[in-house]
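Welcome! Here is a short tour to read alongside the structure.

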Amino acid sequence: YENNPLVRAALSEDGHGRVLVVDGGGSLRCALLGDQIAAMGAKNGWSGVLINGCIRDSEDIGTMPLGVKALNTFPLKSSKRDPGLRDIPVT
């Protein structure tokens, strides 16, 4: 839950106005989204990202045409060790 490879993979796809929901387990120990991945999502037509976790580069992300909601900000990048799970129900 403290890894973001699938966040990057999803936002690199055509978003068609969709919103990506990321379950980061509520972690406040690292960021799952930064300005580069957010910019890629905006460029690819995503409307927003909802993260149960943290983001970084919030000032830059705030200027982008992408709605982003997260629990907090944290400057540390996420790990890339565990890719996580994709396309599963969030309850």
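**Pockets and one serine**

The largest pocket has a volume of about 640 Å³, a volume being the space filled by probe spheres set on grid points joined across faces, edges and corners. This is a predicted model, where local features need pLDDT of at least 70, side-chain atom pairs count only at pLDDT 80 or more, and totals for chains, interfaces and linings use all residues. Residues are numbered from 1 along each chain as its sequence is written, and side-chain values use heavy atoms, leaving out hydrogens and water.

**The largest pocket**
- A pocket is an open set of points on a 1 Å grid where a 1.4 Å probe fits, with protein on both sides within 12 Å along at least five of seven lines; lining residues have an atom within 4 Å of a point.
- Its lining has 26 residues, and Val21, Val22, Asp23, Leu85 and Arg86 lie nearest the centre.
- The lining residues divide into 16 nonpolar, three polar and seven charged.

**The second largest pocket**
- This pocket has a volume of about 200 Å³.
- Among its 14 lining residues, Arg8, Gln36, Ile37, Arg56 and Lys77 lie nearest the centre.
- By class, the lining has four nonpolar, four polar and six charged residues.

**Serine 78**
- Serine 78 is buried, with a relative accessible area of 8% (buried means under 20%, with a 1.4 Å probe and protein chains only).
- Leaving aside neighbours within four places in sequence, serine 78 is in contact (heavy atoms within 4.5 Å) with Glu2, Asn3, Asn4, Cys30, Ala31 and Leu32.

Technical notes. Buried means under 20% relative accessible area, exposed over 50%, partly exposed in between (1.4 Å probe, protein chains only). Ala, Val, Leu, Ile, Met, Phe, Trp, Tyr, Cys and Pro count as nonpolar, Asp, Glu, Lys and Arg as charged, and the others, Gly among them, as polar.
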